[in-house]
Amino acid sequence: MVAVFACPSTTTTMVTIPEVMLSSGAKPMPLIGMGTAVYPFAASETMRAAILRAIELGYRHFDTAAIYRSEEPLGEAIAEAVRSGAIESRDELFITSKLWCSDAHGHLVLPALQRTLRNLQLDYLDLYLIHWPVSTKPGRYEVPMPKEDLLPIDMRSVRKAMEECQRLGLTRSIGVSNFSTKKLETLLSIANIPPAVNQVEVNPLWQQQKLREFCVAKGIQVCAYSPVGAKGTMWGQDWVMNCDVLKDIAAAKGKTLAQETVLAKSFNEKRMLENLDMLDWTLNEDEKRNISEIPQRKGCLGLEFVSDDGPYKSAEELWDGEI
């Protein structure tokens, strides 16, 4: 599930989905995207068919990751969309994938991206993200991972390798996911190419005001995951969908709650269409104030990355107190 918190300047695609330019890369990022993470992670024919239908309906931004096991179904759907004429070429799409922790080692970054491109049947990504600010022992692709596999990430070598991937043209832009303000500051101090995107949990019950303000100041685009809480996943909850403030606003607007909170991943065609039909309304000042006053609580604590013997001994350390 993907939503992008836009900077003021946007353009419009052929299906009237607004876009935003990133700090690197010539192609703008559509503000509405379709996530492909289905927990437990597994590829399926249902996934491939849903992605293909999403392309036919007008979706142009797709988010995947090595750990999701959704790269191959996405690649198959893209190839079929080109063959059928739903799109003229892959260049019409914005494709994001992510480097998993077991490949977050300087010498493994390029091979990991090359494997991702083979899975997707693509020559390049539009955006490649460091999935978490953690490394694990190479070779395992699983969540949760054994606690003894957790390792501190060598950010300098991983970042250098990510930048080389961009210079080689294998990805148009590079960025990060699940990085706190402090971790972004550290990254910016060593980066030759600043991160274009930070993909993090953002929703009305976890608005991340401090982090979002920092990213705006540094020219980093915020991309939201779990905008409706990701119920049904190992990290998700139903707080957003059960929030009375949001229910009342959605009812007053004649919208679904998922439309109000920007975007929810769905393989259901009716909800796919609802997600595209979410740009023709705005919140009034009272509604904005009511949302700003919703008590905040983080859903995805990342406890699988916390261990007494690991690089982060607590969730507070992982998020640098931003929880």
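E45 and R48 both belong to helix α1 (residues 45–57) and sit three residues apart, about one turn of the helix; helices (H or I, at least four residues) and strands (E, at least two) are DSSP runs, numbered from the N terminus. The two residues form a salt bridge in which the closest N and O atoms are 2.5 Å apart, a salt bridge being a side-chain nitrogen of Lys or Arg within 4 Å of a carboxyl oxygen of Asp or Glu. E45 is partly exposed, at a relative accessible area of 49%, whereas R48 is buried, at 14%. Here buried means under 20% relative accessible area, exposed over 50%, and partly exposed in between (1.4 Å probe, protein chains only).

The model is predicted: local features need pLDDT of at least 70 and side-chain atom pairs count only at pLDDT 80 or more, while totals for chains, interfaces and linings use all residues. Residues are numbered from 1 along each chain as its sequence is written, and side-chain values use heavy atoms, with hydrogens and water left out.

A salt bridge also links D126 and R90, with 2.9 Å between the closest N and O atoms. D126 is in strand β8 (residues 125–130) and R90 in the loop between α2 (71–84) and β7 (94–99), so the pair ties together parts that are 36 residues apart in sequence. Both D126 and R90 are buried. Together with K27, these residues are linked in a network of salt bridges.

In helix α10 (residues 285–292), E285 and K288 are three residues apart, about one helical turn. Their salt bridge has its closest N and O atoms 3.6 Å apart. E285 is exposed at 56% relative accessibility, and K288 is partly exposed at 42%. The structure contains 16 salt bridges.
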